[in-house]
Amino acid sequence: MWNKLLLPVLFLISGINIAFSQEFLGRTHTEIKRFLEDNRANVLHCIKTVDTLRLVYSEEDERNRRFEVEYSFFFTKDTCRQYEKKVPSHEYYANQIKDNVSLKNAEGSGNMLEIDGETLYSVYRFEKYVLLLQLENNKLILSYQFL
């Protein structure tokens, strides 16, 4: 029983589940780079410009499956105002999104998307930001934007 309770806490501390609840909007370029430096073993590729940061990151789920995830961060005045996360079209990500939407009482709208047997809306409106979802080449694209 303790293992079941301790496992989610360990994942949160280690930063494995970094983007199921919005973690990067409002963060500075320096804060995001610090996170990446702390997790550099998971960063597979990174390209930086003045107002963007793009990278490929290796994420691991609770069953030790590894997924390559692409991030694109967009900065305005050194603050992340929008970011995009491309993940495999997999039930793991669909369920994480559903859990986050349920936990934060987000409103879903738009088209219905079928993700590995799970159904999601294409738009979720949270209190301070919106999550846009789309499917492209067997990838699920999550776009987080301030309202």
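I will start with a term: a residue is buried when its relative accessible area is under 20%, exposed when that area is over 50%, and partly exposed in between, with a 1.4 Å probe and protein chains only. By that rule, 40% of the 147 residues of the protein count as buried.

Two notes on what you are looking at. This is a predicted model, where local features need pLDDT of at least 70 and side-chain atom pairs count only at pLDDT 80 or more, while totals for chains, interfaces and linings use all residues. Residues are numbered from 1 along each chain as its sequence is written, and side-chain values use heavy atoms, with hydrogens and water left out.

Now the overall layout. The protein has three helices and eight strands. Both are DSSP runs numbered from the N terminus: helices are H or I with at least four residues, and strands are E with at least two. Along the sequence the pattern is α-α-β-β-β-β-α-β-β-β-β.

Next, the sheet. Two strands are said to pair if DSSP finds at least two bridges between them. In what order do the eight strands stand in the open sheet? The order is S1-S2-S3-S4-S8-S7-S6-S5, and the pairing is antiparallel. At the edges are strand S1 (43–48) and strand S5 (107–115); each has a single partner strand, so one side of each is left without a neighbour in the sheet. On average, neighbouring strands of this sheet are turned by 25 degrees against each other, direction ignored. For angles, axes are lines fitted to C-alpha atoms, for helices over the stretch in contact, and the angles run from 0 to 180 degrees between N-to-C directions.

S2 and strand S3 (residues 66–76) are antiparallel, with nine bridges. Thr 52 stands opposite Phe 74 in S3, and Val 56 has Glu 70 in S3 as its bridge partner. S2 and S3 form a hairpin with five residues between them, and in the turn Asn 64 has a positive phi of about 65 degrees.

S3 is also joined to S4, antiparallel, by seven bridges. There the bridge partner of Ser 72 is Glu 84 in S4. This hairpin, from S3 to S4, has two residues between the strands, and Lys 77 in the turn has a positive phi of about 50 degrees.

On to the helices. H2 lies across S1, S2, S3 and S4 and runs at about 30 degrees to S2. Helix H3 (residues 91–103) packs on the sheet too, touching S2, S3, S4, S5, strand S6 (118–125), strand S7 (129–136) and S8, and its direction makes about 45 degrees with that of S6. Contact here means heavy atoms within 4.5 Å.

Is His 29 buried or exposed? His 29 is buried, with a relative accessible area of 12%. Not counting residues up to four places away in sequence, His 29 touches Thr 49, Thr 52, Leu 53, Phe 75 and Asp 78.

Now the aromatic rings. Rings of Phe, Tyr and Trp (its six-membered ring) pair if their centres lie within 6.5 Å; planes under 30 degrees apart count as stacked, over 60 as edge-to-face and the rest as tilted. A search of the whole structure finds 15 aromatic pairs. In one of them, Phe 35 and Tyr 57 have ring centres 6.3 Å apart and planes at 25 degrees, so the pair is stacked. Phe 35 is in helix H2 (residues 29–38) and Tyr 57 in strand S2 (residues 52–60), 22 residues apart. Phe 35 counts as buried at 19% relative accessibility, and Tyr 57 counts as buried at 2%.

Another stacked pair is Tyr 83 and Tyr 144, at 4.7 Å centre to centre and 20 degrees between the planes. Tyr 83 sits in strand S4 (residues 79–88) and Tyr 144 in strand S8 (residues 139–146), 61 residues apart. Tyr 83 counts as buried at 0% relative accessibility, and so does Tyr 144 at 0%.

To finish, one more residue from the ring cluster. Ring pairs link Phe 73 into a cluster whose members include Phe 24, Phe 35, Tyr 57, Tyr 83 and Tyr 144. Leaving aside neighbours within four places in sequence, Phe 73 is in contact with residues including Phe 24, Ile 32, Thr 52 and Tyr 83.
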